[in-house]
Amino acid sequence: MVQELNIGMIGYGFMGKAHSNAYSKVSHFFDLEYKPVLKAICARNEEKLKPFAEQWGYKSTETDWRVLLERDDIDAIDICVPNNLHKEIAIAAAAAGKIVLCEKPLSMNTAEGEEMCQAVEAAGVANMVWYNYRRVPAVSLAKQLIDEGRLGRIFHYRSLFLQDWTISSDLPQGGEALWRLDVEAAGSGVTGDLLAHCIDTALWLNGGIDTVTAMTETFVKERTHQLTGEVQPVEIDDACAFLARFSNGSLATFESTRYARGHKALYTLEVNGEKASLRWDLHDLHRLEYFDHADDSLVRGWRSIHVTDSDMPYMDKWWVPGLQIGYEHTFVHQVADFLDGLASGEPASPTFRDALETQKVCDAVLASASSGNWVDIG
Ligand code: SOE
């Protein structure tokens with residue numbers, strides 16, 4: 001007997017759409033004990049809220065998230081609003097006994113994240129943070145290959161997340177769509193927004209990070225604030241690069257920027273082991289590049305695995321071999337795993353507590369960039 005799970009979504013931006021799409025699709029492709037229902041969408045702007053609700057098939061709307069939390073017909077709250085609102089909503093949702101799903105990054109900083117973890121743990125409610133790139137089948141395959149020991153001892157981890165959308169100094173900061181540039185709303189720049197993805201995947205694939213040294217830069221020093229019209233200093237990091245030492249002894253380099261002209265969302269990772277290496281690239285997300293030193297030397301070389309066969313992670317749920325899937329499916333996979341976890345009692349990762357580890361690394365990176373010193377992860 002399939003049980004309905006009523007979703008109350010807060011926020012209708014880019015991520016609100018990605019999550020809504022995942023809830024709508026998951027039951028068509030995965031056989032699960034729970035079926036998400038788009039019960040309510042909540043946002044302050046009523047004019048935009050109504051058409052969004054209609055287009056996406058939400059059954060009701062709310063303009064105040066506190067009212068949404070009071071509703072008995074809502075089982076799970078999904079937080080898709082700017083980072084500075086995550087903590088208050090998540091803590092209140094947990095206190096109201098709701099399941100809590102939160103868009104990444106978990107929080108503005110580790111201290112806030114810790115409070116959020118304690119709230120969901122004290123309330124005993126299921127929780128998850130949306131780090132979707134783990135669920136790209138090729139990235140999940142990378143995890144499988146590493147866990148099977150095929151790479152052997154890991155020496156290097158290398159990751160980039162490059163964009164170019166903030167190069168123009170005419171671009172305002174703050175407000176809808178541009179809150180990521182406003183430190184008050186975002187907490188940090190590329191570190192919390194983009195490197196957080198790289199760090200989450202890295203911790204998952206390669207284990208814990210012990211220490212980091214970082215540098216950041218803010219290339220455009222002032223921008224007009226979209227809401228106030230005032231020219232204000234820009235206080236987020238436009239670019240960040242850091243070195244890290246993992247607990248398994250491997251060395252890592254991470255780099256992210258919104259000033260890499262020509263790159264729109266180039267997330268890459270490469271892992272070099274004693275026996276084999278692998279690399280992955282978001283622009284070609286259905287492929288995993290793999291080099292195995294054990295191959296016959298006459299044909300040894302990088303192979304490009306087209307991750308579409310039904311024995312590949314998640315791919316038995318989609319089309320026939322050879323037909324690939326894309327970005328939006330990673331969110332479908334994450335919901336599927338979450339619902340599976342609800343049914344089995346074995347929570348899907350990353351929980352709030354798992355995602356706090358990424359937050360700790362982000363905080364250490366920012367602290368190192370401002371002090372110029374190596375900073376250990378607490
Ligand atoms: C920023 O442009 C952004 O939308 C991030 O906020 C997302 O998390 C990332 O997946 C794509 O880029």
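In what order do the 9 strands of the open sheet stand, and is the pairing mixed or of one kind?

Reply: This is a predicted model, and the description below keeps to that model. The order of the strands is S16-S15-S14-S13-S7-S12-S11-S8-S17, and their pairing is mixed. Strands of a sheet pair through backbone hydrogen bonds, either parallel or antiparallel.

Start at the edges. These places are taken by strand S16 (303-306) and strand S17 (375-376). Each of the two has a single partner strand, so one side of each is left without a neighbour in the sheet.

S17 pairs with strand S8 (residues 209-217) in the antiparallel sense, over 2 bridges. Within this pairing, Val212 stands opposite Val375 of S17. S8 is also joined to S11 by 8 bridges, and these two strands run antiparallel. Here Glu217 has Ala239, in S11, as its bridge partner.

The next step is from S11 to S12, an antiparallel pair with 7 bridges. S11 and S12 form a hairpin, with 4 residues between the two strands. In the turn, Gly249 has a positive phi of about 95°.

Now for the helices on the sheet. Helix H6 (residues 137-147) lies across strand S13 (266-273), strand S14 (276-281) and strand S15 (287-292). Relative to S14, H6 runs at about 165°. Helix H8 packs on the sheet too, where it touches strand S7 (154-162), S8, strand S11 (239-246), strand S12 (251-257) and S13. The direction of H8 makes about 155° with that of S7.

How enclosed is H6? Of its 11 residues, 8 are buried, so H6 is largely enclosed by the rest of the structure. The buried residues are Pro137, Ala138, Val139, Ser140, Leu141, Ala142, Leu145 and Ile146. Their cover includes H8 as well as S13, S14 and S15. After H6 comes Gly149, with a positive phi near 85°.

Helix H2 (residues 46-56) makes a contrast: H2 is hardly covered, with a count of 1 buried residue among its 11 residues. Just after H2, Gly57 has a positive phi of about 80°.

Gly189 is placed in the loop between helix H7 (183-186) and helix H8 (190-206). Gly189 counts as buried because it has 28 C-beta neighbours inside 10 Å, and the cut-off for buried is 20 or more. Leaving aside residues up to four places away in sequence, Gly189 touches Ile236, Asp237 and Asp238. Between Gly189 and Phe161 there are 12 Å in space, C-alpha to C-alpha, and the two are 28 residues apart in sequence.

The sheet can now be set in the whole protein. There are 10 helices and 17 strands in the protein. The domain assignment gives domain 1 (3-133) and domain 2 (134-376). The centres of the two domains, taken over C-alpha atoms, are separated by 23 Å. The contact between them takes 36 residues from domain 1 and 42 residues from domain 2. On the side of domain 1 that touches domain 2, the elements giving two or more residues are helix H1 (14-29), strand S2 (34-42), helix H5 (110-123) and strand S6 (127-130). H1 gives the largest share of that side, 8 residues. The residues of that side divide into 22 nonpolar, 10 polar and 4 charged.

Helix H4 (residues 86-95) has His86, Lys87, Ile89, Ala90, Ala93 and Ala94 buried. These buried residues pack against strand S1 (3-10), helix H3 (65-70), strand S4 (76-79), strand S5 (99-103) and H5. Just after H4, Gly97 has a positive phi of about 80°.

Last come the totals. Buried residues make up 48% of the 378 residues. Among contacts with a separation of 6 or more, 69% are between residues 24 or more positions apart. The C-alpha trace spans about 65 × 55 × 40 Å along its principal axes. The radius of gyration is 21 Å, which agrees with the value near 21 Å for a compact globule of 378 residues.

Technical notes:
Residues numbered from 1 in each chain as written. Predicted model: local features only at pLDDT ≥ 70, side-chain atom pairs only at ≥ 80, totals over all residues. Buried ≥ 20, exposed ≤ 12 C-beta atoms within 10 Å, placed from the backbone. Contact = placed C-beta atoms within 7 Å. Rg over C-alpha atoms; globule rule 2.2 N^0.38 Å. Domains from an automatic or database assignment. Nonpolar A, V, L, I, M, F, W, Y, C, P; charged D, E, K, R; others polar. Pairing = 2+ DSSP bridges. Axes fitted to C-alpha atoms, helices over the stretch in contact; angles between N-to-C directions.
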